[in-house]
Amino acid sequence: MPVLKTSAGISWLALIAAADLPWVGWEPSDAEYWGAQGLASQPFPVLSFNASLSTETFRKLVREGRPLVVRGLGSALSIRSWDCDFFRNGHVKTVKARKEYGSEGEPQWMKIENIMAQSEAEESEWTAKMRLFRRRKKRKKESASAPYYLGIKDAQGDPRELEHDSHYSPSWSKELLREVQQLTETPAFMDQENTDTLQRTPELWFVRAGSSGGAKAHVDVHQESTMSLQLCGSKRWQVAPIAWRGAPHVMKLYQDGQIYDRPEHQRWNIMEDVVLDEGDALIFPPGFIHQTAAEGSGPAASITWQFDHPSPSILWRRYLPRIRFTPDLATTWQRLRKLIAAAQRLPLAQLRRHPDSDFFDVDDDGHVSKAEKQEMLHLWFELERGIKASLPPELSASGLGIRTLVEAEDELPRFSKKVQKIIKEWEAYALAKDELPETAATRNEL
């Protein structure tokens, strides 16, 4: 393992061994936070409710960042009419969806009516010919279980840019977006101020019959919570928080399937699986790893939205170190910086009325004290200081891990060869640190 130096010439290992760092021991154990009703072993439960879920319970669980299932929610929503039969025979059947995880080159597209066919025998003649053509061309084999994506929210983009975007289909029209928006309703248990965000963020997902298709394990970059409603068919979900971080990273860790290439893949799934049937919904916080797979032999369709009231402010507080050390959550860093700035500026009485005041309520008694405010400000600024001090000067000078990040390895050539080498060494070092338990004994032994 490389022993990299901080900008002051001190190794990260020496820094954490010698300093009294406020984030060491800050985070609760998995069992302490995710266990429920005395259940302290994995898999931890994903709570389940029906559509009569109370607003008070919903707000509490979302603030804590707890995933939850709402059974039968779709029966109370107008979009329930968009079922499998509608996608096969309704006016949207010729809209195209994009195949995920395809080979390099141009995206592959398929009409919804063909994706949602009960079997391959029901595919159109054009689709059958295209399948034969691809076989003859001996294209690189692709995942037969890949899902199809319809990013209708993208229709809100600049038409001039969309015209040249190969990942956007002209069939994703503003008219179709407006139709989806008209069918998008805010559930009774959810704050109505979420309506605008829900209507700006719809995405449709499809899986073909006979396929186990689904999304690879990944973390979304947005800072809002997600609600996914199963429109037809069934889907298995696996959701879990990101892992403890032993050091700050400068490269993303949770892009599609990226986790499969490191040991974390063997232990990330600490919560029970959830199977959504038609009309069921899953709600989970930002920054959660999630992976899906179709259930059963028929096709399946679902729609997802984001919402931001309330925020998972308690989750952010309890797991702040790993959040700040994980570049995939850079948009959450930005939100937290604004929250910290507001806390510095606002009198305590006004901070207590802030929508995200739970972030500062360290003892969870519903009342933010001056000491609690100062404790969270101190923790945040020590995390920022520790990151800047620990990163090699060539990285911190570029703002990596602070203001910017490296999306993927194919982005490395924008840096000099020297910096590329340092980035790779640092990431290998940080990943090795991630594999060690968070104990004082281990840190000192290093």
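Reply: Happy to! One term to start with: a residue counts as buried when its relative accessible area is under 20%. Keep in mind that this is a predicted model.

Me: Okay, how much of the chain is buried then?
Reply: Buried residues make up 52% of the chain's 446 residues.

Me: And how many helices and strands are there?
Reply: The chain has 17 helices and 12 strands.

Me: What share of the contacts links residues 24 or more positions apart?
Reply: That share is 77%, counted among contacts with a separation of 6 or more.

Me: Let's look at a sheet. What is the strand order in the open sheet of three strands?
Reply: The order is β9-β8-β11, and the pairing is antiparallel. The edge strands are β9 (274–276) and β11 (288–295), each of which pairs on one side only. On average, neighbouring strands of this sheet are turned by 25 degrees against each other, ignoring direction.

Me: What holds strands together in general?
Reply: Strands of a sheet pair through backbone hydrogen bonds, in a parallel or antiparallel way.

Me: How many bridges are there between β8 and β11?
Reply: Eight bridges join β8, residues 234–241, to β11. As an example, Gln238 has Gln291 in β11 as its bridge partner.

Me: Switching to helices. How do α12 and α14 pack?
Reply: Helix α12 (residues 330–345) and helix α14 (residues 370–390) pack at about 135 degrees, and their axes are 11 Å apart.

Me: Last one: where is Glu407?
Reply: Glu407 sits in the loop between α15 (393–396) and α16 (417–434).

Me: Is Glu407 buried, exposed or partly exposed, and why?
Reply: Glu407 is partly exposed, because its relative accessible area is 32%, and partly exposed covers values between under 20% for buried and over 50% for exposed.

Me: What does Glu407 touch?
Reply: Leaving out residues up to four places away in sequence, Glu407 touches Lys252 and Gln255. Also, Glu407 and Met251 are 156 residues apart in sequence, yet 6.0 Å apart in space, C-alpha to C-alpha.

Note on methods: Residues are numbered from 1 along each chain as its sequence is written. This is a predicted model: local features need pLDDT of at least 70, side-chain atom pairs count only at pLDDT 80 or more; totals for chains, interfaces and linings use all residues. Side-chain values use heavy atoms; hydrogens and water are left out. Helices (H or I, at least four residues) and strands (E, at least two) are DSSP runs, numbered from the N terminus. Buried means under 20% relative accessible area, exposed over 50%, partly exposed in between (1.4 Å probe, protein chains only). Contact means heavy atoms within 4.5 Å. Two strands pair if DSSP finds at least two bridges between them. Axes are lines fitted to C-alpha atoms, for helices over the stretch in contact, and angles run from 0 to 180 degrees between N-to-C directions.
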